[in-house]
Amino acid sequence: MAEAALRIEGLSKSFGGLVATDNLHLAIESGEIHAIIGPNGAGKTTLVAQLAGELKPNAGQVIFAGRDITRLTMPARAALGLARSYQITSVLLNFTAEDNVALAAQAVAGHSFRFWRPARSDPALRQPAREVLAQIGLAERADTLAANLSHGEQRQLEIAMALATRPSLLLLDEPMAGMGREESGRMVALLESLKGRHTILLIEHDMDAVFALADRITVLVYGRAIATGRPDEIRNNDEVRQAYLGEEAIDA
Amino acid sequence: MDRRQILVAVIGLALFALVPPLAGIFDQPFYVDMFARIMIFAIAAVSLDLILGYGGMVSFGHAAYIGVGAYAVGILSYYGIDNGFVQFPVAIAAAALIALVFGLMSLRTTGVYFIMITLAFAQMLYFLGISLEEFGGDDGMPAYRSEFAGLIDLTDADQFYYLVFAFLVAALVVTHRLIHSRFGAVVRGAKANERRMQAMGFPTYRYKLAAFTIAGTMCGIAGALFANWNEFVSPDAMHWTRSGEIMIMVIMGGMGTLIGPVLGATGLLLLEEYLPEWMEALIAGTGEHWMVVMGPILIAIVLFGRGGIYALFARRGGDDG
């Protein structure tokens, strides 16, 4: 078997007495959409924070593309090709949509100790920015300030910024959070279009979206993975049903 | 920067350029002196705006670099080195080094802690200045005007004025280029959303440190010019109220705009100059209490004049300079 895109080995994190991640082992295969689901407080966002480098785990390792990144900072991990989106929208509000994406493109275009030439007319940044915006369906909103975009558009912009760093692994923390039915439909289509081209770790509460998109699903409860498998396997797993899904999801 | 913003900048600078001939025509040499001082503080304010307005770094110790630049000139002058080609590079290097060291430590903090630590560093230099008995302690020391191998004569008010003018224009051009460069995009991005910038892969600390150092260096030049203007150096130039004044200039003129700090420096220093006179003329005996009026004016500008003086001249659009 080829080296997994991301391997999590014995990862543990606790806040005082609260165990958020409990000796977690997990492998994300290259090219798959791997969803992580679990009830509130299961430790999903804490996991993303540890993978992205925002939180230091108490124990365990994170191996990204064969390299131990456990001790790397957030920018260093991003530079290696690990991009994330935030559960609570995090974009640069007083920058236009295109400026946001161009900045992301700049992040992977070498160092930014370039003091003289205007960045805004630099085709090496604007061209990829426009391409990603077109891909994501925000092309006509390129010159709109991020603050003036709708919530759904801001969520799209987040994905665009992550994509513009040309990542090998995308960590998407609830990309559908707070979206209406129509908006999440568009987001599902967008993520569908990324399938195969990017490895995606998807954290999501919207079960329709998860079962439509995921190649494999891991169920997280109290920081432990109680099951990992294909969507149909997860749907029919007794322990998962008991712990989390409930009757409603079984009918879905 | 749209056309209107450029227009404000060009007209403003043209007016500054016209001060010496106008003062000559009306036989009022005093104005050359006054506007030279205004431009010196405008350079300091422009440099502060680079980190405050564009970088979101609320440095409350910016006067420290005025002091470093001024003392570099004063101390060299004390030891008989009046050559400006030595003094200015030394002043610039000293300010850069101090800014780098202060930045290294203070940028590890944010928010109120950053404000307090930059303030503390500046006060540390202020008290260092007081303790330097050899260089006049709190009485300060004289500084002779720098000599530039006969190329320019700084004892000539007009020539000194245009040297300061040239430095101001250079500071504005450099700042303009910086904030629109890739480097500037990172600094402005870090102000807008630092966590996001790091998640995208920018090690923001080192970019902020570079901006902080550049700003301190630029302010050091203002300090070297100030020593020349004042022909005197004292710790007073580094007192925290001086840092506050520079910050007020930036806020009053328009934070995060290129020309705003110049307008702010002009506005504040003119008010300080003329408010006492105006009050005295209005009601005799009130002139010396001008600060009672100055305070509310500043508060009103901060509270109601969002965008500062600059906003009166140019429409503010998004995040631009």
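Where is S234(B) found? The residue lies in the loop between β2 (232-233) and α9 (240-253) of chain B. At 13% relative accessibility, S234(B) counts as buried, a class that means under 20% relative accessible area, with exposed over 50% and partly exposed in between (1.4 Å probe, protein chains only). Leaving out residues up to four places away in sequence, S234(B) touches Y71(B), D139(B) and G140(B); contact means heavy atoms within 4.5 Å.

This is a predicted model, in which local features need pLDDT of at least 70 and side-chain atom pairs count only at pLDDT 80 or more, while totals for chains, interfaces and linings use all residues; side-chain values use heavy atoms, without hydrogens and water. Residues are numbered from 1 along each chain as its sequence is written, and chains are lettered from A and ligands numbered from 1 in the order in which they are written.

The secondary structure of chain A comes to nine helices and 10 strands; helices (H or I, at least four residues) and strands (E, at least two) are DSSP runs, numbered from the N terminus. Of the 252 residues of chain A, 54% count as buried. Among contacts in chain A between residues at least 6 apart in sequence, 65% join residues at least 24 apart.

Helix α3 (residues 97-107) of chain A is mostly covered, with 11 of its 11 residues buried. These residues pack against α4 (123-136) and α5 (151-164) of chain A, together with α7 (182-200) of chain B.

Two helix pairs are listed below. Axes are lines fitted to C-alpha atoms, for helices over the stretch in contact, and angles run from 0 to 180 degrees between N-to-C directions.

| Pair | Axis distance | Angle |
|---|---|---|
| α3(A) and α4(A) | within 8 Å | roughly 120° |
| α4(B) and α8(B) | 7 Å | about 145° |

The contact of α3(A) with α4(A) has nine nonpolar, one polar and four charged residues. Ala, Val, Leu, Ile, Met, Phe, Trp, Tyr, Cys and Pro count as nonpolar, Asp, Glu, Lys and Arg as charged, and the others, Gly among them, as polar. Residues of α3(A) in this contact include E98(A), D99(A) and Q106(A), and those of α4(A) include R126(A) and R130(A).

In chain B, the contact of α4(B) with α8(B) has 15 nonpolar, seven polar and no charged residues. Among the residues that meet there are F88(B), L100(B) and G103(B) in α4(B) and Y205(B), G216(B) and N228(B) in α8(B).
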